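The sequence and the structure are shown first, and the account follows.

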Amino acid sequence: MSITMHDVAARAGVSIKTVSNVVNDYPHVSDATRSKVERAIAELGYRPNLSARSLRSGRSGVISLIIPDLRNAYFAELADAVMRQARARGLSVLIEQVAGGRDVELEILRGPRMQLVDGILYSPLSLDRDDSALLPDGPMVILGEQLFDGDRDHVTMANVDGARAATDHLLAQGRRRIVALGTDPHDTLGPAALRLQGYREALEAAGIPADPAYVSTVVSWHRSDGANAMREVIAAGLPFDGVVAFNDAMALGAMRVLQDAGLRIPDDVAIIGFDDLDETRYALPTLSTVDIGREEIAERAVELLIERIAAPGQPEAPRAIVSGFRVVPRESTGSVIAHTPGSRAAPSTL
Amino acid sequence: MATTLHDVAKLAGVSAKTVSNVVNDYPHIKQATKERVLAAIAELGYRPNLSARGLRSGRSGVISLIIPDLRNSYFAELADAVMHAAAQRGLYVLIEQTGGDREREAALVRGPRTQLVDGILYSALELGEEDVDILAEVRTPMVLLGERIFNAPNDHVTMQNTEGVRAATEHLIASGRRRIVAFGAHPGEEIGSAGLRLVGYREALDAAGLPYDASLVREVEIWHRLDGAVAMRAMLDEGVRFDGIVAFNDALALGAMRVLSERGIRMPEQVAIIGFDDIDEGRYSLPSLSTIAPGRDQIAETAVDLLLERIERRDESFPPRLVLADFELVQRESTALPAV
């Protein structure tokens with residue numbers, strides 16, 4: 001007869017619930033208890049069958065995080081935050097990358113694989129409002145804008161307000177010819193469109209006419225895209241004194257191109273990014289950016305998803321959460337913080 | 001009555017095996033066939049229960065990748081490469097972060113949770129040779145990545161740490177540098193990336209007849225940008241003189257470069273610097289960072305292939321294999337000029 005969890009509990013002198021907690025790797029089990037249970041498991045040769053467990057409970061203890069790709073540092077840092085938040089709640093995370101187009105994204109979302117997980121955190125890349133009907137049933141929290149007719153929980157960042165604040169920051173330094181770097185003509189509802197809106201609102205409020213020539217289009221949001229777009233802007237011969245890049249990676253690629261072209265940052269061109277990646281603190285110059293509350297996004301998203309998993313099919317209205325943001329002024333926009341973290345002495349001049 | 005795989009097969013006019021292939025998302029299925037099966041699944045409202053499938057076949061189609069942390073760009077790029085390699089082979093990847101915590105590293109492979117996955121790709125930071133017993137008890141097929149554990153009963157895919165750093169150091173020597181810092185050492189460490197890389201540094205000095213100067217060997221415990229910046233600032237404050245830096249990874253180099261620039265030290269004229277890892281960021285830094293490309297894609301693909309073989313031939317016993325990826329020296333601006 002096969003060994004059951006009851007046998008393990010009896011041997012270890014603990015409750016079945018405790019055995020289950022150890023098996024499921026939940027936190028907050030004392031080390032002494034954990035090793036007692038693990039010893040009993042080893043002695044009895046108990047092999048918990050997680051598939052069987054999942055059949056009975058209907059839960060696998062795994063959630064899926066669907067993101068464009070990890071090579072984009074924003075998503076690597078987001079995935080790190082989501083995994084830490086999930087783990088603190090006893091969940092593992094299955095990451096899916098969907099960069100590669102609409103078909104890939106749909107296939108992964110609708111694929112039978114998603115039945116393996118208890119719930120999905122989904123950061124849409126190619127899908128939009130028209131695709132609402134294509135989303136799978138089941139617990140899901142959208143990371144990003146409300147693209148799906150408002151029938152799902154979503155946690156997002158202040159794209160419009162953040163980009164507006166970034167643009168205001170440049171305007172406050174006296175910049176008047178500001179390039180928006182990173183728009184996507186195919187994106188009418190996503191972050192690119194919203195950040196463009198924030199940029200436009202700021203210009204309008206400052207009484208500066210919108211000039212489409214100052215809006216630079218990219219294919220995706222990596223360093224190389226920022227570098228290429230900046231090269232095109234310079235080649236076009238437009239006079240400009242500021243750049244609002246729609247993410248940090250593009251800003252870092254663009255900075256390098258500006259410097260290669262002999263333009264001084266921030267003297268000739270002030271530049272600000274979006275995301276507050278770790279790397280921005282070490283760039284030369286350090287990159288001003290918008291901190292979009294990544295940790296808060298991860299925490300709230302995991303919490304909402306757990307609630308949905310615990311109460312599936314409940315008709316509770318979808319919730320919309322927008323994380324807080326703040327502009328982080330650094331050297332690239334002429335702010336006085338001229339040293340990296342950990343600095344003890346006063347910074348020398350650059 | 002619940003719809004079965006056979007109902008789907010019948011409606012789609014294909015074999016049950018084909019339906020299974022589609023459900024399991026294996027590659028190499030004709031698009032037309034796939035669409036027919038998916039249409040049948042939708043029409044019948046079939047919900048394949050993967051847990052039940054896992055019970056029957058003993059396979060979940062999921063492997064786990066256990067790494068220190070994704071905030072370290074090397075591991076983010078490695079994870080990306082592993083996911084691509086796995087996807088091409090019809091596998092999904094569950095990532096677990098250990099944060100370099102010894103207890104957690106041990107718990108993740110010892111825990112009953114390992115049964116959820118078909119196999120494990122394991123990159124430890126703290127467990128070492130003395131922990132081979134822990135690995136020997138793991139029943140799930142496992143392939144080791146990284147440098148902490150050699151001589152384990154597992155297949156192992158890694159990079160040429162010693163040879164790579166030796167090449168990096170020789171590159172600086174060839175450009176006339178004579179006082180070269182080993183940046184990121186872990187004194188006393190014999191196994192692990194830092195220990196192996198320090199050996200490569202020493203070998204290059206020895207071969208060139210240059211003295212080994214302990215004051216040029218800089219300990220940096222954690223290999224993030226911040227740690228590189230802090231350590232470089234301390235070195236400059238102490239007045240250590242040097243004309244070259246072999247940083248044991250790119251993140252350390254990038255942190256150090258920032259501090260050198262703040263102090264008005266020109267690279268590569270006054271100090272040439274080279275890293276290790278070839279992360280994307282090094283292409284856009286100022287100056288762009290010379291580095292050792294350790295063969296990340298090759299590591300990912302080889303590791304997934306070896307793991308898949310172990311999963312498929314689970315009942316057989318064959319000796320563990322060690323694969324060392326090819327490396328390449330990538331020269332960029334940070335070491336561009338010959339010495340004056």
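At what angle do the axes of helix α1 and helix α2 of chain A cross, and within what distance do they come? In this predicted model, the axes of helix α1 (residues 5–12) of chain A and helix α2 (residues 16–23) of chain A cross at roughly 105° and come within 8 Å. An angle from 65 to 115 degrees counts as roughly perpendicular, so α1(A) is roughly perpendicular to α2(A).

## The first two helices of each chain

Two packed helices are described by the angle between their axes and the distance between the axes. On the α1(A) side of the contact are M5(A), H6(A), V8(A), A9(A) and A12(A), which meet I16(A), V19(A) and S20(A) in α2(A). By class, the residues of this contact of α1(A) with α2(A) comprise six nonpolar, two polar and no charged.

In chain B, helix α1 (residues 5–12) and helix α2 (residues 16–23) have axes that cross at roughly 105° and come within 8 Å. That angle makes α1(B) roughly perpendicular to α2(B). Here L5(B), H6(B), V8(B), A9(B) and A12(B) in α1(B) meet A16(B), V19(B) and S20(B) in α2(B). The contact of α1(B) with α2(B) is made up of six nonpolar residues, two polar residues and no charged residues.

Helix α10 (residues 225–237) of chain B packs against helix α11 (residues 250–262) of chain B at an angle of about 45°, and their axes lie 7 Å apart. Because of this angle, α10(B) is described as oblique to α11(B). The crossing in which α10(B) passes α11(B) is right-handed.

The residues of α10(B) in this contact are R225(B), L226(B), D227(B), G228(B), A229(B), M232(B), R233(B) and L236(B). The residues they meet in α11(B) include A251(B), L252(B), L254(B), R258(B) and V259(B). Sorted by class, the contact of α10(B) with α11(B) has eleven nonpolar, two polar and four charged residues.

## Domains

The domain assignment of chain A gives domain 1 (5–48), domain 2 (62–158 + 294–324) and domain 3 (160–291 + 328–333). Taken over C-alpha atoms, the centres of domain 1 of chain A and domain 3 of chain A are separated by 55 Å.

Chain B is divided into domain 1 (5–48), domain 2 (62–158 + 296–326) and domain 3 (161–293). The centres of domain 1 of chain B and domain 2 of chain B, again taken over C-alpha atoms, are separated by 32 Å.

## Backbone features

Most residues other than glycine have a negative phi, and most peptide bonds are trans. In chain A, a cis peptide bond joins I265(A) and P266(A), with omega about 5°. P266(A) lies in the loop between α10 (248–260) and β9 (270–272) of chain A. D275(A), a residue other than glycine, has a positive phi, near 130°. The position of D275(A) is in the loop between β9 and β10 (289–291) of chain A.

In chain B, L286(B) and P287(B) are joined by a cis peptide bond whose omega is about -10°. P287(B) is placed in the loop between β9 (272–274) and β10 (291–293) of chain B.

## Confidence of the prediction

The model has an ipTM of 0.73 and a pTM of 0.78. For chain A the mean pLDDT is 84, with 86% of its residues reaching 70 or more. The pLDDT is below 50 over residues 50–56 of chain A, a stretch that has twelve contacts in the model beyond near neighbours in sequence. Residues 342–350 of chain A also have pLDDT below 50, and this stretch has 15 contacts beyond near neighbours in sequence.

For chain B the mean pLDDT is 87, and 91% of its residues reach 70 or more. Residues 50–56 of chain B have pLDDT below 50, with 14 contacts in the model beyond near neighbours in sequence. Where pLDDT is low, the predicted coordinates should not be read in detail.

How values were computed: Residues numbered from 1 in each chain as written. Chains lettered and ligands numbered in written order. Predicted model: local features only at pLDDT ≥ 70, side-chain atom pairs only at ≥ 80, totals over all residues. Axes fitted to C-alpha atoms, helices over the stretch in contact; angles between N-to-C directions. Helix = DSSP H or I, 4+ residues; strand = E, 2+ residues; numbered from the N terminus. Parallel < 35°, antiparallel > 145°, perpendicular 65-115°, else oblique. Left-handed = near helix turned anticlockwise from the far one by under 90°. Contact = placed C-beta atoms within 7 Å. Nonpolar A, V, L, I, M, F, W, Y, C, P; charged D, E, K, R; others polar. pLDDT = per-residue confidence, 0-100. Domains from an automatic or database assignment.
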